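Please consult the sequence and the structure while reading.

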Amino acid sequence: MKNRSPLPIYTPQSPSLPNDKLMYKNTKPKNNTSIDDEQSARNVYIETYGCQMNVSDTELMSGILSQAGHRTVNNIDNADVILLNTCAIRENAETKVINRLVHLNHRKRRNEDLIIGVCGCMAQHLRDKLLEAAPYVDLVMGPDGYRDLPMAINAVTTGDPFLSLQLDKNEDYADIAPIRKEGIRAWLTIQRGCDKMCTFCIVPFVRGRERSIPLDILTDDVKRLVDEGFKEIVLLGQTVNSYNDNKHDFGELLWRVAEVDGVQRVRFTSPHPANATDSMIDALENCPQVCKQLHLPLQSGSTRVLENMRRTYTVEQYRDIVYKLRERVPQIALSTDVIVGFCGETEEDFRQTYQLMEEVRFDTAFMFKYSDREGTLANKMLSDDVSESEKARRLNEIIDLQEGISADINSASIGASVSVLVEGKSRRNDEEYYGKSDTFKTTVFPKEDTQIGDIVEVKIHSTTAHTLIGEIA
Ligand code: 5AD
């Protein structure tokens, strides 16, 4: 193992003003190190954990690395550099990465030159503490540091670990061209950071302040994605519908993206109920390319708990949004996030969550036990006082409830036709394709003469809680 001197903390320079970004699009990136000779080019393997935003950040990292002359590889055995792009949202996300690092250290023992890096939210959250847990890590880089990747890879070969942990409210990477896997669905980050300050959430602390990428840059990106063959664009942001580039709001953005020639479908994730404006609902109702599907995180069915979470809406306001959406877009599919066992959540609060889920009948839900995160407002101000076993009981109750509701809603579509964008071969049967319906339900059907990328009508004959099964209508 190499000898290490005290840790230098590298502070990147502030990126240039937004106007300059247009000049940089698809040109040589700012303050990046390019590789002069083939020998310094490294094979980089990136493993992604957590949300879709991290998947999109991995594509960004691949773009930065390849512009500097490095190669991203799919086989870890060919890697000179292994980067973990991590998540900090719940404790188990971080535990998973620590366990993975222990495993990767065995590789490093066999190959001293192997560079191991931890990037993303967990890097930003744990900072140099990560090096106490895993001293063999060479590189610790937060979500605003990715421009430094090529330089960092060069720097760590001298022996010292490299830390890039400065959050930068101007960094939006708008000038970088991400490298995406081929497919029919492209993820497009339209906003970085979060200004909401929910008390349970680590995101504002590890991703910094909210910033929106100018709409003209985004529409140019979308044109390029269509040229590359993507049919469906998924707009990404931490609270995606608070998008505002000082000239356009989220509703306008939806229309402008949908109007790009060749865009067949537009989705977005995750919106915040407080920003469910009429302009967003109007686009959902009237813009044919915008899919009739909304993921609207509820978190709790008790207004008292919502207040403690600082969600900035009441249960009544949430319910009003749901009723308005269903009135204006009757076929809309709704999904949500729910946390059980938040600080101070009583049995009565929990029952209100259960009852609201029974009342709203979400198509699907992502359900979590509250996980206390160091650095959050709840960690500082509130007590994590619901026992682990009680959290588990409450979670199981709502999972059972939701499974039944999802199965019921899906079975109600038997006999109906849904339009499906064909994505690929089904895992179980080579003669079947799968794709997503407009409402984001996985749908499986015999191929016949359809092609990947087609939108086809599928008549549903059977269902499970998570899948629709049918035949070309
Ligand atoms: N504990 C449990 N779940 C959390 N989430 C965010 N922070 C926490 C936490 N500390 C959930 C929320 C959010 C989703 C992405 O993760 O439901 O909407």
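Which backbone N or O atom lies 2.8 Å from a nitrogen atom of the ligand? The atom in question belongs to Ser371. The structure is a predicted model, and the points below are grouped by topic.

**Ligand surroundings**

- The residues around the ligand are Ile89, Arg90, Phe200, Gln299, Asp337, Ile339, Phe368, Lys369, Tyr370, Ser371 and Arg373.
- The side chain of Arg90 places an N or O atom 2.9 Å from an oxygen atom of the ligand.
- For the side chain of Gln299, the corresponding distance from an N or O atom to an oxygen atom of the ligand is 2.7 Å.
- Ser371 contributes through its backbone, with an N or O atom 2.8 Å from a ligand nitrogen.

**Domain layout**

- The domain assignment divides the chain into domain 1 (24-164), domain 2 (182-291) and domain 3 (417-472).
- The centres of domain 1 and domain 2, taken over C-alpha atoms, are separated by 27 Å.

**Interface between domain 1 and domain 2**

- In this interface, 17 residues of domain 1 are in contact with 17 residues of domain 2.
- About 1,400 Å² is buried between domain 1 and domain 2, and carbon and sulfur atoms give 55% of that area.
- Six residue pairs are in polar contact between domain 1 and domain 2.
- On the side of domain 1 that touches domain 2, helix H2 (52-67) and helix H4 (121-126) each supply at least two residues.
- Helix H2 provides the largest share of that side of domain 1, namely seven residues.
- Classified by residue type, the side of domain 1 that touches domain 2 comprises seven nonpolar, six polar and four charged residues.

**Salt bridges**

- The count for the model comes to 36 salt bridges.
- Between domain 1 and domain 2 the count is three salt bridges.
- Arg207 and Asp57 form a salt bridge in which the closest N and O atoms are 3.0 Å apart.
- A further salt bridge joins the side chains of Arg180 and Glu59, at 3.8 Å from N to O.
- Arg180 lies in the loop between strand E7 (162-164) and strand E8 (185-189), whereas Glu59 lies in helix H2, so this pair ties together parts that are 121 residues apart in sequence.

Conventions
Residues are numbered from 1 along each chain as its sequence is written. This is a predicted model: local features need pLDDT of at least 70, side-chain atom pairs count only at pLDDT 80 or more; totals for chains, interfaces and linings use all residues. Side-chain values use heavy atoms; hydrogens and water are left out. Domain bounds come from an automatic or database domain assignment. Contact means heavy atoms within 4.5 Å. Buried area is the accessible area (1.4 Å probe) that two parts lose on being put together, summed over both. A salt bridge is a side-chain nitrogen of Lys or Arg within 4 Å of a carboxyl oxygen of Asp or Glu. A polar contact is a pair of N or O atoms within 3.5 Å; within protein, one must be able to donate a hydrogen and the other to accept it, and residues adjacent in sequence count only if both atoms are side-chain atoms. Helices (H or I, at least four residues) and strands (E, at least two) are DSSP runs, numbered from the N terminus. Ala, Val, Leu, Ile, Met, Phe, Trp, Tyr, Cys and Pro count as nonpolar, Asp, Glu, Lys and Arg as charged, and the others, Gly among them, as polar. A residue is near a molecule or strand if one of its heavy atoms lies within 4 Å of it.
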